[in-house]
Amino acid sequence: MNKRTEMLDAAVRVIAADGVRGLRVEKLAAQAGVSTAALYYHFTDRAGVLRAALEHVNQRAVDYTEGASDETDPRDRLESLLQLELADGTAQNSIAWGELRASGVFTPELREPLAETTAEWSTDVADVIATVRQLTAQDAVDAAERLTSLVEGLSMRIHSGSMSTERARTLLSGAIANELADR
């Protein structure tokens with residue numbers, strides 16, 4: 001693993017533990033085992049760290065959901081793709097994603113990359129939905145946006161302790177079934 005990746009992994013850990021507002025360059029440097037100068041060299045400033053952390057979180061999600069593409073049945077692929085976001089092993093990524101999304105309200109420079117990564121995820125999910133049901137492209141995107149928004153909300157409820165993972169998984173499965181039902 002290269003030093004930049006180690007720094008980004010550390011950034012995700014710090015964001016997941018302390019939130020975006022709790023991300024201090026000095027703490028991040030200590031967590032990554034590098035100097036603050038090294039962080040500034042790689043990311044220019046704190047906003048650069050946040051943008052790179054968002055891209056890193058997104059790439060980690062792409063990496064752990066690749067296995068969902070091994071499912072031959074498109075319904076199973078969709079279920080797996082979305083349920084993976086609620087898995088115990090993805091909690092750190094999910095919390096960091098939620099923190100970065102929420103900080104977009106206060107950090108305008110994160111809005112565009114957030115919109116881009118969200119659109120990519122919705123497009124990936126819409127592509128799978130379109131293989132299950134014959135829908136217009138817009139209807140598939142609409143269904144994908146409903147489901148990905150639900151996953152984000154369920155994830156935050158799990159991590160805030162207001163819902164069990166089992167309950168969230170059940171609700172997500174029901175929503176997927178509803179989206180895929182012929183109307």
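**Starting with H4**

Reply: In helix H4, these residues are buried: Ala 47, Gly 48, Val 49, Leu 50, Ala 52, Ala 53, Leu 54, His 56, Val 57, Asn 58, Ala 61 and Thr 65. Buried means under 20% relative accessible area, exposed means over 50%, and partly exposed is in between (1.4 Å probe, protein chains only). Helices (H or I, at least four residues) and strands (E, at least two) are DSSP runs, numbered from the N terminus.

Me: What kind of model is this, and how are residues numbered?

Reply: This is a predicted model: local features need pLDDT of at least 70, side-chain atom pairs count only at pLDDT 80 or more, and totals for chains, interfaces and linings use all residues. Residues are numbered from 1 along each chain as its sequence is written, and side-chain values use heavy atoms, with hydrogens and water left out.

Me: What do the buried residues of H4 pack against?

Reply: They pack against H1 (3-18), H2 (25-32), H3 (36-43), H5 (74-83), H6 and H7 (111-132). Contact means heavy atoms within 4.5 Å.

Me: At what angle do H4 and H6 cross?

Reply: The axes of H4 (residues 46-65) and H6 (residues 91-103) cross at roughly 140 degrees and come within 10 Å. Axes are lines fitted to C-alpha atoms, for helices over the stretch in contact, and angles run from 0 to 180 degrees between N-to-C directions. H4 and H6 are therefore oblique to each other. Under 35 degrees counts as roughly parallel, over 145 as roughly antiparallel, 65 to 115 as roughly perpendicular, and the rest as oblique.

Me: Which residues meet there?

Reply: From H4 come Leu 50, Ala 53, Leu 54, Val 57, Arg 60, Ala 61 and Tyr 64. In H6 they meet Gln 92, Asn 93, Ala 96, Trp 97 and Leu 100. By class, the contact of H4 with H6 has 9 nonpolar, 2 polar and 1 charged residues. Ala, Val, Leu, Ile, Met, Phe, Trp, Tyr, Cys and Pro count as nonpolar, Asp, Glu, Lys and Arg as charged, and the others, Gly among them, as polar.

Me: Now H5 and H7. How do their axes cross?

Reply: The axes of H5 and H7 come within 8 Å and cross at roughly 155 degrees. That makes H5 roughly antiparallel to H7. By class, their contact has 9 nonpolar, 1 polar and 2 charged residues.

Me: Switching to loops. Where is Val 20, and what does it touch?

Reply: Val 20 is in the loop between H1 and H2. At 4% relative accessibility, Val 20 counts as buried. Not counting residues up to four places away in sequence, Val 20 touches Ile 15, Arg 46, Leu 50, Glu 99, Leu 100 and Ser 103.

Me: And Thr 44, buried or exposed?

Reply: Thr 44 is exposed, with a relative accessible area of 60%. It is found in the loop between H3 and H4. Thr 44 has a positive phi of about 70 degrees although it is not a glycine.

Me: Last one. Where does Thr 148 sit?

Reply: Thr 148 is in H8 (residues 137-159). At 3% relative accessibility, Thr 148 counts as buried. Leaving out residues up to four places away in sequence, Thr 148 touches Leu 82, Trp 121, Ser 122 and Val 125.
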